[in-house]
Structures are given as structure tokens and as C-alpha cells.
Amino acid sequence: MKFSFLSKQHWLKQFLELPNGIPHHDTFRRVFEKIDPKVLEQKLTQWVQKLLGSVFEQVIPIDGKSLRGSYDRNQAKKNLHLVTAWACENRLVLGQVKVDSHSNEITAIPALLELIDVTGAIITMDAMGTQTEIIKQIVQKKANYVVCLKSNHPTLYNLVKSWFELQVSRQFAGVKMTNYRQVEKGHNRIEKRRVWAIPVSELGGLYNQDKWAGLQTVVIVERFRQQWNGTSHEVQFYLSSLTVDAQKHSSIIREHWSIENKQHWVLDVTFEEDKSRIRAFNSPQNLAVLRRMALNALNL
């Protein structure tokens, strides 16, 4: 690292006074160990909000990512897990929050939502974030949501699943809804998708429906994937505060995976985040912020 910085000394002098030359890599290590990561995360968020402006109608996925190399067996320290928000259209990291070692994403997501301005945005999350209090917070912040419903809410999940299976057998006769079909070819596979967007009223009332703030639509996505080694089939359910529009929901659900493909993948493959063995004190969290700042700068 020292050689790398020395080679850039002339360039760095355009921005910094360096009366004592380039700091040694041990100096950088000590600094990153002691910087308060919450302050650095706030600076990331403030910087992005100045660049981004309004996020009205923009899809913002929220998802977690582990830094697999940040564990420390000698200190009985688990690897760092972060929850980040991603602006799909602008390809920018809006903010990140650390998941406490004795907790999970359910406690980190509310802290992240408090950190960023999501007014008018469409928040997407996997099943971990599908919690009534988190949904209430999203609505209070004047945003919409499309969130995955899985068996961590067994009563509600089984109710929607049974209703869907019954309507398939009846070919959705008399059900007011919209539907959308799409076929995609790529990566040596063919994927056929069918999306149904159904008003909540058509299901005859949902379990604890009043606890899901702003809920308007249940979305059902059926996928058939044909690959060289066989065909797979899956059905997924979503809860949405948006109006009944199957094509729009199909696009939003597809955009959610942008956080995996354009943020997480780049951090691991280009920045080699998972390979990093930086693990002392605040360093892993602070370096994670810097990587996301760098990713934002590159995407700009």
C-alpha cells in the first residue's frame, strides 16, 4: 500500500498538503480502526442525497450482504453483515447499516429507513423485511412497497397459496384482476413468467389485513425456467401498496434483483470484498463504506 500511495504523491498534492510525505500504511490502519462508522455512513448518505435529489417513483431495493472474510476466530467474532439501500435507476448506494451480531435484518432495516429519504419511492424487500412494523414505517415515510410473502408468515402465506391454487383450477373465473406474460431468453435458459395483480378485496379479506398499512394488491408470479438439465417451476407471492397493474409489478420485481447484480456482484468480483481479511475494530465497516462510495463514483 505504501508503494501505491508514493506513486501517486504528485497527484495527491493537488488536493492535500503533505508536509511529512505520504503516511505509512500502519497510519491508515489505525485511522480506519478508530473512525466512527456511523458518522462515515451519514456522510455517504448526505453525499448521495445531494447527487440524487428526488427518488419519486424510483425502485429502491433493500437487502443484506455479508463480508465473508471479516470474521476473526481468535476474537470469536462473526463476519460483518450489512443492510444497504440501492437506487436502481441511478445505480447508487443510498446508505448502509450494520446488523448487530446478536440480531438480524429486521432490526437494521428500520434504522436504514430513518437514515435515507424515500419519499415517493417504491421499496422492495425479500421476506425478511416483510414485517408489519417495517411496512408501517415505509408508509409513514410516504413511500410505497412491494415485498415478498413467504412462509415466515404461515397463516397469511397459506391463505394466499390456497386461494391461488383454487383460482387456477377455476381459471380465475369472475376474478377482477390484471395479468401479464413475459418470455426471456439468455444465459442458456428460457424463462416464462406470468404475473397476476389482484385487489385485496378479491381474496375476501386477509389474515390480520388491518396490520398491513396501505395494502392494496396481492401479486402472484409464476415462473417456468427451461435449462439444459431440466425445467423448474416456482410460484412467489408479494404484498403491494400500489394499484392493480400486473405489468408494472412485473417490472418492479425484476428491478429488485439489480441490488444483487449491480451492487453485490460488483463489490465481490471487482472490489473483492469477500476476500478482504480486514477485521480489526471499525475497519471492516469503514472500508465497506469506502467501497460503496467508490462504486457510486464509478457509476456516476
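Is Phe 15 buried or exposed in the predicted model? Phe 15 is exposed, with a relative accessible area of 55%, where buried denotes under 20% relative accessible area, exposed over 50%, and partly exposed the range in between (1.4 Å probe, protein chains only). The structure is a predicted model, in which local features need pLDDT of at least 70 and side-chain atom pairs count only at pLDDT 80 or more, whereas totals for chains, interfaces and linings use all residues. Residues are numbered from 1 along each chain as its sequence is written, and side-chain values use heavy atoms, with hydrogens and water left out.

The chain contains ten helices and nine strands, helices (H or I, at least four residues) and strands (E, at least two) being DSSP runs numbered from the N terminus. Along its principal axes, the C-alpha trace spans about 80 × 45 × 40 Å, and buried residues account for 43% of the 300 residues in the chain.

Phe 15 is placed in the loop between helix H2 (9–12) and helix H3 (25–34). Together with Trp 11 and Leu 16, Phe 15 makes a nonpolar surface patch of about 360 Å². Patches are made of residues with over 30% relative accessible area and no salt bridge, like charges being joined within 9 Å and nonpolar side chains (Val, Leu, Ile, Met, Phe, Trp, Tyr) within 5 Å; the accessible areas come from the Shrake-Rupley method with a 1.4 Å probe, and for residues only the protein chains shown count as cover. Phe 15 and Lys 192, which are 177 residues apart in sequence, are 53 Å apart in space, C-alpha to C-alpha.

A patch of positive charge on the surface gathers Arg 73, Lys 77, Lys 98, Arg 277 and Arg 279. For this assignment Lys and Arg count as positive and Asp and Glu as negative, while His and the chain ends are not counted; the place of a charge is taken as NZ of Lys, CZ of Arg, CG of Asp or CD of Glu.

Side chains of opposite charge can pair when their charged atoms come close. With a salt bridge defined as a side-chain nitrogen of Lys or Arg within 4 Å of a carboxyl oxygen of Asp or Glu, the count comes to 20 salt bridges. A network of salt bridges links Glu 184, Arg 189, Glu 191, Arg 193, Arg 223, Arg 225, Glu 234 and Arg 254. Among its pairs, Arg 189 and Glu 191 meet through their side chains at 3.9 Å, N to O; Arg 189 is partly exposed, with a relative accessible area of 30%, whereas Glu 191 is buried at 2% relative accessibility. The side chain of Glu 191 also forms a salt bridge with that of Arg 223 (4.0 Å, N to O). Because Glu 191 lies in strand E7 (residues 189–199) and Arg 223 in strand E8, this pair ties together parts that are 32 residues apart in sequence. Arg 223 is likewise buried, at 6% relative accessibility.

A further salt bridge is formed by Glu 273 and Arg 292, whose closest N and O atoms are 2.8 Å apart. This pair links distant parts of the chain, 19 residues apart, with Glu 273 in the loop between helix H9 (258–269) and helix H10 (283–299) and Arg 292 in helix H10. Glu 273 is buried at 1% relative accessibility, and Arg 292 is buried with a relative accessible area of 0%.

Strand E8 (residues 217–227) also includes Thr 217, which is buried, with a relative accessible area of 0%. The side chain of Thr 217 reaches the backbone oxygen of Leu 242 at 2.7 Å. In the loop between E8 and strand E9 (230–240), Trp 228 is exposed, at 77% relative accessibility. The C-alpha atoms of Trp 228 and Asn 188 are separated by 7.4 Å, although these residues are 40 residues apart along the chain.

Positive phi values occur at two residues that are not glycine, as described next for Glu 57 and Lys 142. Glu 57, with phi near 70°, is located in the loop between helix H4 (37–52) and E1 and is partly exposed at 45% relative accessibility. Lys 142, with phi of about 60°, is located in the loop between helix H6 (132–140) and strand E5 (144–149) and is exposed at 63% relative accessibility.

Notes. A polar contact is a pair of N or O atoms within 3.5 Å; within protein, one must be able to donate a hydrogen and the other to accept it, and residues adjacent in sequence count only if both atoms are side-chain atoms.
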